[in-house]
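Here is a short report on one protein model. Look over the sequence and the structure before reading on.

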Amino acid sequence: MILNRGIGNDDNGGDPAPHREHLHSTLAPAPGRNTLLELPFTMADLARLRLQVIRRAEDAGLCEPRLSDFVLAVHEVASNAVVHGGGKGRLHLAHTDEGLRCVITDSGLGPNRPKPCESATLPEADEAENGRGLWLAQALTDHFDVTACAAGTRVTLVALLS
């Protein structure tokens, strides 16, 4: 696992991705560019989904170590969609003006929905073996947003190409 964003690092004040400030203009799809990947998934599809995201992100110009970070973040969110979102989800990967945007949606309802991370600091260790996927996804991307409503959850992840 590659963590190149200085997670919890004093060099950037604890912000795992201090370069997020100018991202609002990079969230819209780039004019004239097609969707790179759009597909529904279940638990059985996660390995295939990960390979598809790797291929599309490489073809779009995302390079290591950012590529591994982005793919891991997408995988964590997709896994959460399956576990907490009704057993299935949908992924949409597209170009933005400056990078890649991945939107993962699910239709799950229920009390076990994970809460969005509110801190750049790693959650304290406890007896739980899980529960840090959203924090990790936020730390590994340039933009991270969670929107939850009665119809389900939408998570947006952005990786800049530069």
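## Salt bridges

A salt bridge here is a side-chain nitrogen of Lys or Arg within 4 Å of a carboxyl oxygen of Asp or Glu. The side chains of R48 and D45 meet that rule, with N and O 3.5 Å apart. R48 is partly exposed, at a relative accessible area of 42%. D45 counts as buried, at 18%. The model is a predicted one. By this rule it has three salt bridges. Side chains of opposite charge can pair when their charged atoms come close.

R66 and D142 form another salt bridge, at 2.3 Å from N to O. R66 lies in helix α2, and D142 sits in the loop between α3 and β4 (143-149), so the pair ties together parts that are 76 residues apart in sequence. Are these two residues, R66 and D142, buried or exposed? Both R66 and D142 are buried.

R90 also forms a salt bridge, with E38. Their closest N and O atoms are 3.5 Å apart. This pair links distant parts of the chain. R90 belongs to strand β2 (residues 88-95) and E38 to strand β1 (residues 35-42). The two residues are 52 residues apart. R90 is partly exposed, with a relative accessible area of 36%. E38 is partly exposed as well, at 45% relative accessibility.

## Overall layout

The protein has three helices and five strands. Along the sequence they follow the pattern β-α-α-β-β-α-β-β.

How much of the protein is buried? Buried residues make up 46% of its 162 residues. Contacts across the sequence can be described too. Take contacts between residues at least 6 apart in sequence: 66% of them join residues at least 24 apart.

## Helices α1 and α2

Helix α1 (residues 46-60) packs against α2 at an angle of about 145°. Their axes are 10 Å apart. The crossing of α1 and α2 is right-handed.

Which residues of α1 and α2 make the contact? From α1 come L46, L49, R50, V53, I54, A57 and E58. From α2 come L67, F70, V71, L72, V74, H75, A78, S79 and V82. The residues of this contact divide into twelve nonpolar, two polar and two charged.

## Helices α2 and α3

Helix α2 (residues 66-84) also meets helix α3 (residues 133-140). The axes of α2 and α3 come within 8 Å and cross at roughly 150°. Angles over 145 degrees count as roughly antiparallel, and that crossing angle therefore makes α2 roughly antiparallel to α3. The crossing of α2 and α3 is left-handed.

On the α2 side, the contact is made by D69, L72, A73, E76, V77 and N80. On the α3 side, it is made by G133, L134, L136, A137 and L140.

## Helix α2 in both contacts

Helix α2 takes part in the packing with α1 and in the crossing with α3. L72 of α2 is listed in the contact with α1 and in the contact with α3. Helix α2 also holds R66, the partner of D142 in a salt bridge.

Key:
Residues numbered from 1 in each chain as written. Predicted model: local features only at pLDDT ≥ 70, side-chain atom pairs only at ≥ 80, totals over all residues. Heavy atoms only, no water. Axes fitted to C-alpha atoms, helices over the stretch in contact; angles between N-to-C directions. Helix = DSSP H or I, 4+ residues; strand = E, 2+ residues; numbered from the N terminus. Parallel < 35°, antiparallel > 145°, perpendicular 65-115°, else oblique. Left-handed = near helix turned anticlockwise from the far one by under 90°. Contact = heavy atoms within 4.5 Å. Nonpolar A, V, L, I, M, F, W, Y, C, P; charged D, E, K, R; others polar. Buried < 20%, exposed > 50% of the residue type's maximum accessible area, 1.4 Å probe, protein only.
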